[in-house]
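Let's take a walk through this fold together. Keep the viewer open and follow along as we go.

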Amino acid sequence: MARTITIKRGLDLKLHGTAPRTLLTTPSGGASSTYAWVPDDVPGLTPKMKVHVGDHVEAGDPIVYDKQYPEIWVTAPVSGELIAINRGAKRKIMSVEIRPDECQTQRAFAVEGLLDGEVSKLQALLLESGLWTLIRQRPYDRIANPTIAPRDIFVTAHLTAPLAPEVDYLLEGREEELRIGLRALARLTEGKVFVGVAQNSPLTLPAEVVRVEVRGPHPAGNVGVLINHTAPVNKGETVWTLRATDVALIGRLLMTGHVDYSRRIAITGSHATEHGYMDLLPGCRIESLGKLAQEECKTRVIAGDVLTGTQLTEERPFLPMSCDQITVIPDGSDRDELLGWAMPRIGEFSQSRTYLSWLMPRKRYTLDARLKGGKRAMIMSHELQSVFPLNIHAEYLLKAIIAFDIDKMEELGIYEVAPEDFALCEFVDTSKMELQHIVRQGLDLLYKEMN
C-alpha cells in the first residue's frame with residue numbers, strides 16, 4: 001500500500017496557457033542548426049574540455065569532464081562537428097556547440113546483464129554515458145558525488161508548478177523505460193528509492209521502490225517536500241534526487257545501449273502561439289521550434305516553469321538537457337502605468353489581498369515578469385511560512401544564510417533544501433528579494449567551507 005503525504009501550506013498559481021494532451025509538430029521535424037551543452041545547467045560541475053573545435057563526435061561521445069571528479073563525463077546529444085566553445089569572463093565555458101550530421105550515428109555501450117550485475121559497472125556506465133549529470137545530491141543541491149553512496153534516492157513523478165505538464169503524458173509509451181530506470185537506481189543504494197506521485201496516478205512502479213502519493217497545492221510536487229515528509233537529511237548524510245523523466249533516460253540507455261536525450265516537452269503560457277506537447281531533443285536552439293511567442297507584446301520565453309525556469313535569450317538560446325516545459329509569458333517591460341505598482345487592480349492576482357481582485361477571483365490569471373514594487377530589507381511578516389510546507393523556519397534560515405552563520409544554518413535545516421524550495425516564497429515575498437539566488441549562494445559557499 002502506498003504512503004500518503006498531504007500538504008496544506010502552499011499556493012496553486014492558476015495561470016492561462018495550460019497544455020492540452022495534444023502532440024504538436026515542429027518545423028522540419030524540430031531539426032536545429034546547432035546543439036549545445038550549457039555548464040550552468042549542471043550546478044557543481046567544473047567543465048574541462050575532452051575534445052577540440054573541429055573534432056567529430058558521435059552521439060554519446062564524451063565532450064567534457066569534471067575537473068574535481070574526472071570520471072564524470074558530459075556526452076554529445078548528437079553526432080557532428082564541434083564548431084564552438086563559447087567562453088565568458090575569465091574564460092569560463094558558457095556553451096559547447098555541435099553542428100549535427102545529416103545522418104546521425106550513436107556510440108554503443110555494453111549494457112547486457114548490468115541490471116543484475118556488479119553495481120560498480122552500472123555506476124561506471126552512468127558516468128561514461130553522461131547520464132550521471134542528471135543526478136543531484138542533497139546536501140548542497142549539486143551534481144552527485146560519485147564517491148559517496150546515497151542513504152536513499154528520491155524521485156518526483158508529480159509536477160505541481162504553475163502550468164506544469166502531466167507526468168503520465170510526458171512518459172506515454174516510455175513506462176517500461178521508467179521501471180527499468182527505477183530498478184537500476186534501487187541497485188545504487190542500500191537504502192530505499194522513494195517515488196512521489198500524484199493521487200491516483202496511473203504510473204505503475206516496480207516492487208523495488210516505495211510509492212508515495214502526494215496531495216496538496218504547490219510545492220507538493222517538489223522533491224524537497226518528499227524528502228522532508230518521509231526521511232529528512234541530517235548532517236553527514238547524502239541522498240540523491242531525480243525527476244521521473246530523467247530516470248526514464250537511464251532506463252532507455254539500459255534497454256538500447258545508446259544515449260538518447262530526446263523527451264516530450266510541454267509548450268505552455270498565456271502568450272504561446274500554440275499549446276500542447278512536442279517530442280524534442282534538448283540542446284536545440286529555441287528558434288528551431290518555430291514561432292513560439294505571440295507578437296502582440298514583448299514576451300519572455302522560459303525553459304521550465306515561471307517560478308524556477310531559465311530565460312532563453314539570443315545569448316542563451318539552447319534548451320537545457322533536463323527540461324520538461326517551455327513557458328511563454330508577457331515580459332511587462334513595455335507597459336507604462338500612471339501609478340505603477342500602486343495602481344488599483346481588479347482583475348490581477350494578489351496573494352496578500354493588496355488588490356481588490358480577491359473580492360472577484362478569476363479562475364485563471366495572466367501575469368507578466370514585473371516585480372511590481374521595490375526591493376527592501378527583509379520584512380519578518382511570516383508570509384513566507386504560509387506557502388512553505390517544509391518543517392523549517394524559512395525566514396530564519398534565510399537570515400542565517402545571508403549572515404553565513406554556519407552553525408545556525410545547520411540547526412535550521414540547510415542540508416535538505418534547494419533553491420527551488422524557496423521559489424514560491426520568492427513569489428509572495430513583499431521585500432522582492434531574490435531568495436533562490438540567496439539560497440544558491442549559501443549552498444555553494446557552505447560546500448566550499450565544508451570540503
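What follows starts with the sheet and its helices, then turns to salt bridges and a few backbone details.

A word on ground rules: this is a predicted model, so local features need pLDDT of at least 70 and side-chain atom pairs count only at pLDDT 80 or more, while totals for chains, interfaces and linings use all residues. Residues are numbered from 1 along each chain as its sequence is written, and side-chain values use heavy atoms, with hydrogens and water left out.

Start with the sheet. Strands of a sheet pair through backbone hydrogen bonds, either parallel or antiparallel. Here 7 strands make an open sheet with mixed pairing, in the order 1-13-12-11-14-9-10. At the edges sit strand 1 (3-6) and strand 10 (142-143), each pairing on one side only. Helices (H or I, at least four residues) and strands (E, at least two) are DSSP runs, numbered from the N terminus, and two strands pair if DSSP finds at least two bridges between them.

Zoom in on strand 12 (residues 193-198) and strand 13 (residues 210-215): they run parallel, joined by 5 bridges. Val 197, for instance, has Glu 213 in strand 13 as its bridge partner. Helix 3 (residues 175-187) packs on the sheet, where it touches strand 11 (153-157), strand 12 and strand 14 (239-243), and its direction makes about 145° with that of strand 12. Helix 4 (residues 223-230) also packs on the sheet; strand 1, strand 9 (136-138), strand 11, strand 12, strand 13 and strand 14 are what it touches, and its direction makes about 130° with that of strand 11. Contact here means heavy atoms within 4.5 Å; axes are lines fitted to C-alpha atoms, for helices over the stretch in contact, and angles run from 0 to 180 degrees between N-to-C directions.

Now for helix 5 (residues 244-256). Its 13 residues reach 18 Å from first C-alpha to last, close to the 18 Å expected at 1.5 Å a residue (the expected span is 1.5 Å times one less than the number of residues). Is this helix buried or exposed? Of its 13 residues, 11 are buried, so helix 5 is largely enclosed by the rest of the structure. Buried means under 20% relative accessible area, exposed over 50%, and partly exposed in between (1.4 Å probe, protein chains only). The cover over those buried residues includes helix 1 (119-129), strand 11, helix 2 (167-170), helix 3, strand 14 and strand 15 (263-268). Just after helix 5, Gly 257 takes a positive phi of about 80°.

UniProt, in an unreviewed entry, puts "domain: NqrA second alpha/beta" at residues 121-259; its positions are given in the numbering used here, feature names are shortened, and annotations may be inferred rather than shown by experiment. Over residues 121-259 the chain is 34% helix and 19% strand, with the end C-alpha atoms 17 Å apart.

On to charges. There are 29 salt bridges in the structure, each a side-chain nitrogen of Lys or Arg within 4 Å of a carboxyl oxygen of Asp or Glu. One of them pairs Lys 92 with Asp 40, with the closest N and O atoms 3.1 Å apart. Lys 92 lies in the loop between strand 7 (80-87) and strand 8 (93-100) and Asp 40 in the loop between strand 2 (35-37) and strand 3 (47-49), so the pair ties together parts that are 52 residues apart in sequence. Glu 237 and Arg 151 also meet in a salt bridge, at 2.7 Å from N to O. Glu 237 sits in the loop between helix 4 and strand 14, and Arg 151 in the loop between strand 10 and strand 11, 86 residues apart. Then there's a network of salt bridges linking Arg 243, Asp 246, Arg 263 and Asp 324.

Finally, check the backbone. The peptide bond from Arg 138 to Pro 139 is cis, with omega near 20°, and Pro 139 is in the loop between strand 9 and strand 10. His 218 and Pro 219 are also joined by a cis peptide bond, with omega about 15°. Asn 200, in the loop between strand 12 and strand 13, has a phi near 60°, a positive value in a residue other than glycine. Asn 200 is exposed, with a relative accessible area of 65%.
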